[in-house]
Protein chains: 2
Amino acid sequence: MSNASSSTAAAEPLTVMGAGLVGSLLSLYLARRGHPVQVFERRPDPRRTGFLEGRSINLAVSDRAWRALEGVGVADDIRQVGIAMSQRIMHDAKGQLSYQPYGEDGQAIYSVNRGHLNRTLLDLAEARPNVQVRFGQQCLGIDLRRQQLQLLDSESGQEHTEKYTRLFGTDGAFSAVRGALQKTERFDYSQHYLEYGYKELTIEAGPDGSWQLEKNALHIWPRGQYMMIALPNLDGSFNCTLFFPYDGPESFASLQTPAQVTDFFRRVFPDAEPLMPELEREFFEHPTGSLVTVRCFPWKYDDDVLLLGDAAHAIVPFYGQGMNAGFEDCTVLNELLDQHGDAAWPTIFAEFQQQRKPNADAIADLAVYNFVEMRDRVADPRFLLQKKIEAKISAQYPGRWMPLYSQVTFSHTPYAEAWAAGQQQEAIMARLLPHIQQEADYERAEVQELVKQEMAVKG
Amino acid sequence: MSNASSSTAAAEPLTVMGAGLVGSLLSLYLARRGHPVQVFERRPDPRRTGFLEGRSINLAVSDRAWRALEGVGVADDIRQVGIAMSQRIMHDAKGQLSYQPYGEDGQAIYSVNRGHLNRTLLDLAEARPNVQVRFGQQCLGIDLRRQQLQLLDSESGQEHTEKYTRLFGTDGAFSAVRGALQKTERFDYSQHYLEYGYKELTIEAGPDGSWQLEKNALHIWPRGQYMMIALPNLDGSFNCTLFFPYDGPESFASLQTPAQVTDFFRRVFPDAEPLMPELEREFFEHPTGSLVTVRCFPWKYDDDVLLLGDAAHAIVPFYGQGMNAGFEDCTVLNELLDQHGDAAWPTIFAEFQQQRKPNADAIADLAVYNFVEMRDRVADPRFLLQKKIEAKISAQYPGRWMPLYSQVTFSHTPYAEAWAAGQQQEAIMARLLPHIQQEADYERAEVQELVKQEMAVKG
């Protein structure tokens with residue numbers, strides 16, 4: 001704020017609509033650069049009420065989010081309340097386990113509580129003198145020409161109008177800011193739902209807050225057309241999510257009574273069901289969430305409105321990258337501000353959407369693709385063998401082969417590049433695997449020769 | 001209305017939002033079945049003011065629309081004010097012409113004035129005692145649970161609420177009814193714009209209202225990346241439409257001054273430009289229209305709201321099928337009412353969307369595909385040769401080969417079936433054409449043998 005008196009531009013506050021994860025992190029980034037930031041949030045203050053309504057309780061934090069959190073100095077604090085998950089553990093229909101490490105030694109994704117993370121970011125943002133957050137402000141409409149937000153204060157029931165010069169829409173998958181852009185000329189937009197819904201359930205903590213399943217893992221019960229996953233919580237419990245068809249023989253529609261639910265879980269998740277004493281209550285009390293992919297373009301309106309996070313690119317949760325992608329938006333925007341200076345908004349908005357759009361599209365595709373992998377392919381021994389062989393190639397050719405999952409999760413390679421490289425590697429694996437029946441076959445001269453040839457062409 | 005006193009269901013009016021082409025035709029169909037129909041339209045009465053705002057002036061009416069118009073007894077009246085177009089005439093950059101008949105002898109599409117058609121349908125609808133049309137009623141929102149429309153009367157400025165039991169959304173590509181459905185759970189939606197806009201222009205009538213180009217034709221100036229078309233009017237003029245990129249070396253962005261416009265038209269449309277004395281004024285006064293494809297699903301909400309026409313499936317204009325598809329919606333709905341009876345709305349709504357959705361998707365794809373054909377392929381002598389050979393096969397194998405264009409335009413084959421058959425025939429033509437250099441080659445024994453083989457496999 002040192003230049004506030006010398007520049008009217010700097011004194012004009014930036015406006016952020018939405019104080020969820022991306023909105024609160026973005027506000028922090030903008031405030032650290034000296035901009036006055038006015039934040040509006042539809043929901044009440046989560047530090048007073050909790051605002052989880054229908055959202056996942058746990059998030060899988062990986063490298064892109066860590067980098068964004070490091071940029072505002074909060075990564076270490078968050079890591080201390082996260083639980084490292086270094087592997088997938090698959091539970092088959094007999095309760096037998098198989099294991100797949102996520103990356104190399106020491107690499108892990110982190111189970112973090114969404115509410116805690118959001119509250120921490122809000123606390124940090126509000127601690128800055130140049131940030132003001134107003135909760136309970138529903139956006140009823142936006143006059144894009146006059147640069148005015150029409151807001152409804154939910155406490156007083158009064159409508160009020162707020163001017164903005166620069167508006168950042170971080171108000172999520174059902175963004176009101178995007179809704180205003182959608183009505184402008186030539187705005188491409190799509191929202192597409194999977195035929196699957198999800199239900200959040202709980203595996204109870206054991207005695208003295210112990211974990212009844214392996215703590216440092218993401219658990220998957222892959223069942224072909226559907227699956228359940230579980231992420232560890234600090235209190236010893238696991239937050240489970242059932243991803244399940246809306247309709248069909250095994251579906252939400254087919255489970256109508258408590259007895260049907262229990263019978264079904266006993267039959268298909270026999271090792272989990274005994275750990276879920278609240279199953280019947282939770283199944284019927286918790287809402288069934290839907291799974292949407294939102295794409296749009298442009299992400300900006302003139303030089304004064306910009307969409308970030310889910311508002312620009314909501315994706316399904318199967319790669320654990322929704323928040324990571326939204327946080328990476330903040331990193332990229334901050335880099336562009338470094339590069340072009342804090343007054344070059346037209347350039348920055350244009351470059352931001354140009355750079356991020358293909359990556360948002362790629363992670364949207366990857367997330368849908370990974371649903372099939374998680375609910376089906378991870379149960380196939382050939383798939384697990386493939387992952388082991390890939391790890392061997394990666395070790396033998398350092399820096400020349402990074403598995404797709406690692407590129408997405410443990411690198412900052414743009415998603416679109418990761419996806420392209422992953423498809424190339426998948427094609428190579430499809431040619432190699434017919435020659436490999438077990439892990440040891442990798443050392444055979446014939447296989448080594450094939451790998452050598454493939455790597456020579458891969459370049 | 002004969003059973004109005006014996007049935008409360010029949011006394012409950014059906015509500016139609018939108019009195020454009022599809023809304024007014026639908027109202028007529030419903031009213032003829034005895035239902036009281038309440039119609040609301042955002043715009044003022046077009047019979048008093050004209051409501052063309054940014055819409056095409058001419059429509060190409062073909063068999064699907066004729067059948068729908070016959071169903072309400074108005075086809076002959078409309079045909080008398082239409083102009084038959086039995087062929088495409090292509091104008092090259094030197095003003096040379098080439099010709100391509102649209103179908104067999106006597107087959108034609110008809111150039112019809114949109115305003116006239118709309119007014120005629122409205123007159124017919126309002127002539128029925130059980131139809132009430134209210135103009136200047138903007139739909140501000142819909143309470144789907146309470147089945148209430150929130151309307152703004154543009155004359156008085158007063159908002160009012162109207163209950164409905166059955167609501168038909170025929171309010172076009174930017175449908176407010178669809179806007180309400182879009183906010184419900186699991187509603188798939190996309191709007192996608194081409195990178196092209198369009199501009200309506202005029203070729204003047206000649207002396208004494210004569211036509212300065214061949215009257216009974218659709219004229220095309222195909223130029224690869226862009227094109228102009230012209231449809232005849234009754235007064236001797238032609239309504240031209242330039243389909244042109246928004247940006248690039250030859251684009252709306254590149255034509256900024258009257259002199260640039262005239263120079264450009266003289267260079268690329270040398271035979272048309274002298275016939276367009278109002279070109280410079282029209283180019284800058286007329287709005288640049290955008291070209292959107294809208295897809296969504298479901299088309300219904302519970303058993304009480306149904307979308308039809310552009311509200312459900314807006315398409316680009318390059319197959320001349322937008323209105324035809326919307327009118328076919330009315331035909332299909334009327335057939336389902338015949339089949340299931342006028343009280344079976346749940347069944348009818350469900351079957352309607354099930355039956356029509358794949359066909360709407362197919363014509364949306366076909367319309368985009370035909371843009372490339374019209375602006376580029378029709379200028380290729382090989383393409384015109386292919387069309388001639390196809391006509392010969394069609395004549396030699398009656399009932400076994402109908403060109404794709406004919407299936408779409410001169411048949412009632414569902415669009416999805418037409419598209420599938422068209423793709424199969426296109427593959428056959430791709431195999432035959434290397435053996436054919438000129439029209440006469442078709443009679444060669446080798447070619448006849450190949451055709452015979454292909455037709456045997458085609459089945």
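Between chain A and chain B, the count of salt bridges is zero. Polar contacts are present, however: 13 residue pairs, both partners at pLDDT 80 or more, are in polar contact across the two chains. These values describe a predicted model.

On the side of chain A that touches chain B, strand S13 (residues 188-203) of chain A provides the largest share, seven residues. By class, the residues of that side comprise four nonpolar, five polar and five charged.

The interface as a whole is summarised below.

| Quantity, chain A with chain B | Value |
|---|---|
| Residues in contact | 14 residues of chain A, 15 residues of chain B |
| Buried area | about 1,400 Å² |
| Part of the buried area on carbon and sulfur atoms | 34% |

Within chain A, the residues that lose the most area to chain B are Arg186(A), Gln191(A) and Tyr193(A), which together account for 42% of what that side buries.

Helix H12 (residues 345-375) of chain A packs against helix H15 (residues 415-432) of chain A at an angle of about 45°, and their axes lie 7 Å apart. The two helices, H12(A) and H15(A), are therefore oblique to each other. From H12(A), the contact is made by Arg356(A), Pro358(A), Asn359(A), Ala362(A), Ile363(A), Asp365(A), Leu366(A) and Tyr369(A); H15(A) contributes Tyr415(A), Ala416(A), Trp419(A) and Glu426(A). Classified by residue type, the contact of H12(A) with H15(A) consists of eight nonpolar, one polar and three charged residues.

Key. Residues numbered from 1 in each chain as written. Chains lettered and ligands numbered in written order. Predicted model: local features only at pLDDT ≥ 70, side-chain atom pairs only at ≥ 80, totals over all residues. Heavy atoms only, no water. Axes fitted to C-alpha atoms, helices over the stretch in contact; angles between N-to-C directions. Helix = DSSP H or I, 4+ residues; strand = E, 2+ residues; numbered from the N terminus. Parallel < 35°, antiparallel > 145°, perpendicular 65-115°, else oblique. Contact = heavy atoms within 4.5 Å. Nonpolar A, V, L, I, M, F, W, Y, C, P; charged D, E, K, R; others polar. Buried area = accessible area lost by both parts, 1.4 Å probe. Salt bridge = Lys/Arg side-chain N within 4 Å of Asp/Glu carboxyl O. Polar contact = N/O pair within 3.5 Å; in protein donor to acceptor, adjacent residues only side chain to side chain.
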